[in-house]
Amino acid sequence: MNDVTLRLSGIEKTYLPGTPGEVRVLRGVDLALRAGEMVALVAPSGAGKSTLLHIAGLLDVPDAGAVEIAGQDMTGRGDRARTAVRRQDVGFVYQFHHLLPEFTALENVTLPQLANGVSERAAQARAMDLLTRVGVAERAGHRPAALSGGEQQRVAFCRALANAPRLLLADEPTGNLDPATSDKVFDALLELVRGTGLSALIATHNMDLADRMDRVLRLEDGRLTPAA
Ligand SMILES: Nc1ncnc2c1ncn2[C@@H]1O[C@H](COP(=O)(O)OP(=O)(O)OP(=O)(O)O)[C@@H](O)[C@H]1O
């Protein structure tokens, strides 16, 4: 079905199988994320949300089950195909910004586009547009160290969306910010996402943010269930 951006079917993952340290993290995870849908992922610490986001974003492979992105079944696909789909269709944001420290905000949002073959002029124009929409245009020439935590995360969102991916995966994207800043940074994300048809799976401990998304799913005992 074309309106499903991310489909996970029967995903299983065990670390250190067959050893005393064995951890069965995912035990049959199913998910269908529709185009334009924003879903919150809540989970107790250590429940496996990072593992799940890495598998969904093609950074890791499951032991069993299938990952489909924009209708493409990635099962058994080689590194090149996985990297190509990841670069084009997936954007990541983490708790800490992971921006390149020696480059300005504008360059951090421009560079991923150049890697995808966009001309420098077009890439810079798109980067400025994204930075403007999240309210950090006047900081475009600054390096990450000269930005506040909230500004750094705004730039990180712009970078994640620079190549207009279909899927955004975020792991506690406002987790290191105070509640008021966290709220504003989340507003900035909604501003970027609105009307684009982008689907997002956003892990958060913040239930106020979770409740602002279309659905809330809980990862517990290796499975996803709708949160009460
Ligand atoms: N490479 C690994 N080898 C062995 N065990 C691992 C590995 N990666 C993760 N684990 C274990 O798997 C479980 C899930 O890890 P994961 O990082 O996915 O959890 P999480 O829900 O993101 O946790 P947190 O919210 O604390 O960041 C944890 O018990 C962790 O210790």
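Q: How many bridges join strand S3 to strand S8, and do they run parallel or antiparallel?

A: Strands of a sheet pair through backbone hydrogen bonds, either parallel or antiparallel. This is a predicted model, in which local features need pLDDT of at least 70 and side-chain atom pairs count only at pLDDT 80 or more, while totals for chains, interfaces and linings use all residues. Residues are numbered from 1 along each chain as its sequence is written. Strand S3 (residues 38-42) and strand S8 (residues 199-203) run parallel and are joined by 4 bridges. Two strands pair if DSSP finds at least two bridges between them; strands (E, at least two residues) and helices (H or I, at least four) are DSSP runs, numbered from the N terminus. Leu 41, for instance, has Ala 203 in S8 as its bridge partner.

Q: What is the strand order of the open sheet of 6 strands?

A: The order is S6-S7-S8-S3-S9-S10, with mixed pairing. Strand S6 (90-93) and strand S10 (223-226) are the edges, each pairing on one side only. From one strand to the next, the twist averages 20 degrees.

Q: In which sense do S1 and S2 pair?

A: Strand S1 (residues 4-15) pairs with S2 in the antiparallel sense, over 9 bridges. Arg 7 stands opposite Ala 32 in S2. S1 also pairs in the antiparallel sense with strand S4 (residues 64-69), over 5 bridges, and there Ser 9 has Ala 66 as its bridge partner.

Q: How is the packing of helices H3 and H5 to be read?

A: Two packed helices are described by the angle between their axes and the distance between the axes. Helix H3 (residues 105-115) and helix H5 (residues 149-161) pack at about 20 degrees, with axes 8 Å apart. Axes are lines fitted to C-alpha atoms, for helices over the stretch in contact, and angles run from 0 to 180 degrees between N-to-C directions. H3 and H5 are therefore roughly parallel, a term for angles under 35 degrees.

Q: Which residues of H3 and H5 meet?

A: Ala 105, Asn 108, Val 109 and Pro 112 in H3 meet Val 155, Cys 158 and Arg 159 in H5; contact requires C-beta atoms, placed from the backbone, within 7 Å.

Q: Which elements supply the shell around the ligand?

A: A residue is near a molecule if its C-beta atom, placed from the backbone, lies within 6 Å of it. Strand S2 (23-34) and helix H1 (49-56) each supply at least two residues, and H1 gives the largest share, 3 residues. Among the residues around the ligand are Tyr 15, Val 23, Gly 48 and Lys 49.

Definitions and conventions
Angles under 35 degrees count as roughly parallel, over 145 as roughly antiparallel, 65 to 115 as roughly perpendicular and the rest as oblique. Two residues are in contact if their C-beta atoms, placed from the backbone, lie within 7 Å.
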